[in-house]
Amino acid sequence: MVCLGNICRSPLAEGILKSKVNTQKIFVDSAGTGNYHIGRLPDERSITVAKKNLLDITDQRCRQFQMADFDEFDLIYVMDNSNRRDVLKLSRNENDKDKVKMILNEIFPDENVDVPDPYHDNQRGFENVFNMLDKACTIIAQRLLDHD
Ligand code: 4NP
């Protein structure tokens, strides 16, 4: 799960997907394309909305997405078009590129809709993001089960 800061959207996506899959079998992680917040906890507002939905994301620490992640992961979900461009810049071949998916295309196929960056928004914005990611992750989890 990749966003810009790895403190607002992708930590929620990581926590939500982990709650819906068998984490003994499926490794879920998140990262940011930027390097501003490396080592930090998720944003308080993400921690709050997660907690409201009975998820604890305080074990997460921000890290930056790197080229080696293409070797580590089969699927790379990006939150918006800007994240997609930044991740694709680090891709080395078609196989790498094929791993990169817009997360809301799970709900709205081929529409390339962004998960809005809630950083400058209020708690409502984070709740909106949580709900979108929850829907997308339900579909992703079902797909992973079908492929099991
Ligand atoms: P995120 O949100 O990409 O969902 O983690 C942001 C967090 C921090 C910044 C931008 C987006 N920032 O510019 O510091």
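The shell around the ligand, counting as near any residue with a heavy atom within 4 Å of it, divides into five nonpolar, three polar and two charged residues, where Ala, Val, Leu, Ile, Met, Phe, Trp, Tyr, Cys and Pro count as nonpolar, Asp, Glu, Lys and Arg as charged, and the others, Gly among them, as polar. Please keep in mind that this is a predicted model, in which local features need pLDDT of at least 70 and side-chain atom pairs count only at pLDDT 80 or more, whereas totals for chains, interfaces and linings use all residues. Residues are numbered from 1 along each chain as its sequence is written, and side-chain values use heavy atoms, with hydrogens and water left out.

The residues around the ligand are Cys 3, Leu 4, Gly 5, Asn 6, Ile 7, Cys 8, Arg 9, His 37, Asp 117 and Tyr 119. Turning to polar contacts, that is, pairs of N or O atoms within 3.5 Å, a backbone N or O atom of Ile 7 lies 3.0 Å from an oxygen atom of the ligand, and a backbone N or O atom of Asn 6 lies 3.2 Å from a ligand oxygen. Asp 117 contributes through its side chain, a polar atom of which lies 3.3 Å from an oxygen atom of the ligand. Taken alone the ligand exposes 360 Å², of which the protein buries 88%, the areas coming from the Shrake-Rupley method with a 1.4 Å probe.

Arg 9, which is one of the residues around the ligand, also forms a salt bridge with Asp 80, the closest N and O atoms being 3.0 Å apart. This pair links distant parts of the chain, since Arg 9 sits in helix H1 (residues 9–20) and Asp 80 in the loop between E3 and H4, 71 residues apart; helices (H or I, at least four residues) and strands (E, at least two) are DSSP runs numbered from the N terminus. With a salt bridge taken as a side-chain nitrogen of Lys or Arg within 4 Å of a carboxyl oxygen of Asp or Glu, the count comes to 11.

Next, the pockets: on a 1 Å grid over the protein atoms alone, a pocket is an open set of points where a 1.4 Å probe fits, with protein on both sides within 12 Å along at least five of seven lines, and lining residues have an atom within 4 Å of a point. About 370 Å³ of space lies in the largest pocket, a volume being the space filled by probe spheres set on the points. Of its 21 lining residues, the closest to the centre are Ile 26, Phe 27, Phe 73, Asp 74 and Leu 75.

Definitions and conventions:
A polar contact is a pair of N or O atoms within 3.5 Å; within protein, one must be able to donate a hydrogen and the other to accept it, and residues adjacent in sequence count only if both atoms are side-chain atoms.
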